[in-house]
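Trainee: Could you take a close look at one part of this structure with me? I would like to hear about the charged side chains.

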Amino acid sequence: MTADNETTICPFDFSEALEFDPALADLMHRDSPARIRLPYGDADAWLITGFDSVKQVTTDHRFSRAGIIGRDYPRMTPEPIVSPESINVMDPPHSSRVRHLASQAFTQQQVDGMRHRIIRLADLLLDDMEKEGPPADVVQHLSNMLPQHTILDLLGIEREEWPRIQESVHQLLVVGAGNKEAAGSAKVDLTAYFAKLVEQRRTSPGPDLISAMAAAREGEEQLDDKELAVMALMLALSGQDTATCQISNITYLLLTRPELREHLRRRPETLTDVLQEMLRHISFRKGVGIPRVALEDVELDGVRIREGDFVHVSYLTANRDPERFPDSHALDPNRPYQPHMTFGWGGHRCIAVPLAMAELEVAIGRLLERFPGLRLAVPPEEVRWDTETIRRFPLELPVAW
C-alpha cells in the first residue's frame, strides 16, 4: 500500500507457509530502491534489494549501524531487539576487534570439536521422539530443542535455568505492540543474568563458550565483561532464531518435496550443499532486520540517499536475485554453491555460522538416517505457521514413520 507518491507502507505480515512475500517480490522488481514505512519507528527508510547493492551497503563505511543508537529507528518489533552494546550495532574498527576475538570460539576446528556434543544432544532428543511413537511433533522434539540445548549447553548454563532463559528470549522476538513492556523486562533480566555469569567465568573458567571468549586474545586485546555478556545474550538469542526455524523449515520442505528426499537418498554426500540451497531459498523471516544510517550523501541504484537517511537491506530478496542465482525462485538441489545472505554479509555476518551449519547437518542428517520412512502425519495445508514473531516457521510438524 502506498501512503503517498514516495513511501510504501510495509507491514511485512505475510506468513503463508514458506511462500515468498508478494510485497517483497514487488519491491525487488522495481527499477530503483523504494522508500518504505515499517510498523514501528518515527521515520521512513530506503529498501535495498539486489545482491550486489546489499553487498555494497553491508560493507561500505558510509552506512553505519552504530548511527541508529538513541534513535527511534524503523523496525518490525515494538521493542528494539538489539542492545546498544551489541556487536550488531557496532561499526569497524570496534566491531572488527570484538568479532575477531569472539570468533576464535567458533572456528571450524573449534566447532568440529563440539560436534560430538551436538550429535549426543540430537540422538537423545530423537530417542524421546521414537519412544513416544508416531504421530510425533518434530518441532517439539527436535527443532525447538536442539539449537537451544546446544547453545545453552555450550555456554555452560545449568539445565534448571534453561526454561527461564528460553522464555525470556522468546519475549524479545514477539512483534505485537502489547509485548513492549514484557520484552523490555526480558532484556533487562537476560543482560543482568549474563553479566553475573561472565563474572563467575572470569574467576572460575570452564570448558564453555563464555570461558573460551574470555580467554581469547589478540596481543593485549581481549573482550571486556560488558562485551562478553552482550555476546552471550546474542548467542542465546540465536539459539531460538535461525537454526531453530530452519530445522523445521528444511524438514517441512523435505516432507513436501519428495524429489529433495530422493536426491539425498541417492547422494547423501551432498547434504551440506543441499542444505545451503534450501537456506538460500527459504523465506526465513518477515520483512527486514536492523537498518543502517547514511553518514553522508551516497548515490546508489539511481537514487541519492541523503546523510541521516535510514537504509534497510533485504537478505531475502538478495537471495532471490536472478543476476546472482539463475532461475532464482526455483529450489534446485543440483545448484552449484554460491555464498548466500541467510546468515548476513560483511561486518555483520553471523560469527557462529560454523556452529549453525553443524547443528543443521546433525539435525537433518540424523533425522533422515534414523527415520527413513518419515512422512507428514497431516495434509500440508493443515500445518500451522507462526504469525506472532518476525520469524517464518511451522508451529507444529506432526510426522509418522
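Are K187 and E79 buried or exposed?

Mentor: Happy to walk you through that part. Keep in mind that this is a predicted model. Both K187 and E79 are buried. The two form a salt bridge, with their closest N and O atoms 3.9 Å apart. This pair links distant parts of the chain: K187 belongs to helix α8 (residues 180–203), while E79 sits in the loop between β4 (63–64) and α3 (94–103), 108 residues apart.

Let me turn to helices α4 and α15. The side chains of D123 and R366 meet in a salt bridge at 2.9 Å, N to O. Because D123 lies in helix α4 (residues 108–132) and R366 in helix α15 (residues 353–370), this contact ties together parts that are 243 residues apart in sequence. D123 has a relative accessibility of 18%, so D123 counts as buried.

Finally, salt bridges with shared partners join D123, D127, E130, R366, E369 and R370 into one network.

How values were computed. Residues are numbered from 1 along each chain as its sequence is written. This is a predicted model: local features need pLDDT of at least 70, side-chain atom pairs count only at pLDDT 80 or more; totals for chains, interfaces and linings use all residues. Side-chain values use heavy atoms; hydrogens and water are left out. A salt bridge is a side-chain nitrogen of Lys or Arg within 4 Å of a carboxyl oxygen of Asp or Glu. Helices (H or I, at least four residues) and strands (E, at least two) are DSSP runs, numbered from the N terminus. Buried means under 20% relative accessible area, exposed over 50%, partly exposed in between (1.4 Å probe, protein chains only).
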